[in-house]
Amino acid sequence: MITCPKCSKENQDHYKFCLGCGAELPRDVSPKKFAPGTPPHGVPAASRSHGYGDEPTAIGTGAQKGAPLAPPRASQPAIQPPALVDPAAFLAPIRGEDTAAGRKASAAAAAAAPAPSTAAAGAGTVVCPQCQEPNPPSNKFCALCGFKLLKPANPSVQPPAPVVSTSGAANVVLTALRADGSEAGSYTLPTNPSTVGRDTGAIFGGDSYLSPRHATFSIKAGRLFIKDEGSLNGVYRRLRRDTPVQLENGDIFRIGQEIVRLEALTPAPTTPDGVERLGSPSKGYVARLALVIGRDATGNAFPVPDTGLHLGRERGDILFPEDGYVSGLHCQISVQGGRLSLTDLGSSNGTFLRVLGETEISGGDILLMGQQLFRVNV
């Protein structure tokens, strides 16, 4: 237990802020010993909930999404970020964590965002509007991020789900978010479908990392979809915390300033005359994670064992100690039945998966396009 030096209230040892007064709690300077809190066998079965299509795209391998993992083809190089791009500048909109500036930016982001429902999934629980952490109703401040909690007037009443028009897109708004979390402007989709990019102007015009025609939003049967139009730097969607999402060979995801590509490990075939190829054994490993460091260039690669692994800044199997945008324990790669899934473990800045094909999105989703974060409002 940690005793608050300001109000003397006892708090759990993993809390960052006091539940009684919201003051920052003293923390151990040394990194915590890593212990996988969510072993691979304890992660729920992943579902391909992001609606990827099966058609080939500029950044995929063109394989059927339901097919077993296969190595990427050399004839279809993955499109990667432009050469000589500073990763820190490329990810400027994402705020840092565990700093006074980061907490201030977090509060500004929460204030700028539309007031979400604070009623929790379970009865008597209040969900933090900033980090979505469930809290007991007695908490005045979020146990995870320290944000002041607002008690709903009637927690049992949930707001009705927004209805998206099938005839037009006038009720779909993209709101750009600055690095400090404040709103930088909004753009209402004028038609159905609507294509946005650097040529669209408005909030997109000043971003040189956006392609002229970057992505298309469309409404089908009352559901909203986004499709990457072969952009150079891609469209990324933020994953919901603690929700496994299935990965396929060639998928690209981002944590902090790191751009990571999943590559399957399969035995090299024999030559036509029956000669087997020499190479290091890969027994016990199912894939590898390659860091994308430039156009057509990758850096370090890390093998993925069949028991899965964790990524973070301080704790985990793969560490990024110099990346202040990566949380202490950020995300997890798990393996079940030969399938790999990616799970965000409640990170401050989120885990983003690159969109392939046409993907369904909903109100409140956060998209990363170019150098900007966009919140989808419906």
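pLDDT is the predictor's confidence in each residue, from 0 to 100.

**Entry 1: the model.** I noted that this is a predicted model, in which local features need pLDDT of at least 70 and side-chain atom pairs count only at pLDDT 80 or more, while totals for chains, interfaces and linings use all residues. Residues are numbered from 1 along each chain as its sequence is written, and side-chain values use heavy atoms, with hydrogens and water left out.

**Entry 2: confidence.** I looked up the chain average, a pLDDT of 75, with 68% of the residues scoring at least 70. Over residues 49–121 pLDDT stays under 50, and the model has 184 contacts there beyond four places in sequence (contact means heavy atoms within 4.5 Å). Residues 153–164 also stay under 50, with 12 such contacts. Where pLDDT is low, the predicted coordinates should not be read in detail.

**Entry 3: salt bridges.** I took a salt bridge as a side-chain nitrogen of Lys or Arg within 4 Å of a carboxyl oxygen of Asp or Glu. By this rule I have 10 salt bridges.

I looked at Lys220 and Glu358, whose side chains meet at 2.9 Å, N to O. This pair links distant parts of the chain, 138 residues apart: Lys220 is in strand 8 (residues 215–220) and Glu358 in strand 21 (residues 358–361). Strands (E, at least two residues) are DSSP runs, numbered from the N terminus. For accessibility, buried means under 20% relative accessible area, exposed over 50%, and partly exposed in between (1.4 Å probe, protein chains only). Lys220 counts as partly exposed because its relative accessibility is 41%. Glu358 is partly exposed too, at 23%.

Next I looked up Arg237 and Asp365, a salt bridge of 2.9 Å, N to O. Arg237 lies in strand 10 (residues 235–238) and Asp365 in the loop between strand 21 and strand 22 (366–369), 128 residues apart. Both Arg237 and Asp365 are buried. Arg237, Arg240 and Asp365 are linked in a network of salt bridges.

I also noted Arg313 and Glu314, which meet at 3.4 Å, N to O. Arg313 counts as buried because its relative accessibility is 15%, and Glu314 is partly exposed at 33%.

**Entry 4: a pocket.** I looked up the lining of the second largest pocket, which includes Leu265, Glu276, Arg277 and Ser282. A pocket, on a 1 Å grid over the protein atoms alone, is an open set of points where a 1.4 Å probe fits, with protein on both sides within 12 Å along at least five of seven lines; lining residues have an atom within 4 Å of a point.

Methods:
Helices (H or I, at least four residues) and strands (E, at least two) are DSSP runs, numbered from the N terminus.
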